[in-house]
Amino acid sequence: MSKPTSRALTLAGRRVHFLRERQGMGLRELAQRAGVSSSMISRFERAEGDSTLTVVDKLRIALGLTWDQLMSAECVHEYACKFCGESA
């Protein structure tokens, strides 16, 4: 499967990290739900890995998100965001 652009991948990783924590889910729980390793998720959230859309799709499904929700340009944070630099 193809790989997303680095900017899209970075934003998706940040969104996965935030939403995973918002749902009270640890790396191991998300890894189990998604069928990928916790180290792969950690690298993806920090934009340090080489994730395919297949992996991103597994994470999206495990978090109960649509592609639009995952890839939205809008910030999901409720406070001054360390990722996007904006306040909600």
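A salt bridge is a side-chain nitrogen of Lys or Arg within 4 Å of a carboxyl oxygen of Asp or Glu. The model discussed here is predicted, and the structure holds four salt bridges.

Q: Why is the contact between Arg-46 and Glu-48 called a salt bridge?
A: The closest N and O atoms of Arg-46 and Glu-48 are 2.7 Å apart, and the cut-off is within 4 Å, so the pair counts as a salt bridge.

Q: What makes Glu-48 buried or exposed?
A: The relative accessibility of Glu-48 is 52%, and exposed means over 50%, so Glu-48 counts as exposed.

Q: How do you know whether Arg-46 belongs in that class too?
A: Arg-46 has a relative accessible area of 46%, which lies in between the limits of under 20% for buried and over 50% for exposed, and therefore Arg-46 is partly exposed.

Q: What separates Glu-29 and Arg-33 in helix α2?
A: Their side chains meet in a salt bridge (2.7 Å, N to O), and because the two residues are four apart in helix α2 (residues 27–34), about one helical turn separates them.

Q: What makes the salt bridge of Glu-45 and Arg-20 a tie between parts of the chain?
A: The side chains of Glu-45 and Arg-20 meet at 2.7 Å, N to O. Glu-45 lies in helix α3 (residues 38–45) and Arg-20 in helix α1 (residues 6–22), so the pair ties together parts that are 25 residues apart in sequence. Both Glu-45 and Arg-20 are buried.

How values were computed: Residues are numbered from 1 along each chain as its sequence is written. This is a predicted model: local features need pLDDT of at least 70, side-chain atom pairs count only at pLDDT 80 or more; totals for chains, interfaces and linings use all residues. Side-chain values use heavy atoms; hydrogens and water are left out. Buried means under 20% relative accessible area, exposed over 50%, partly exposed in between (1.4 Å probe, protein chains only).
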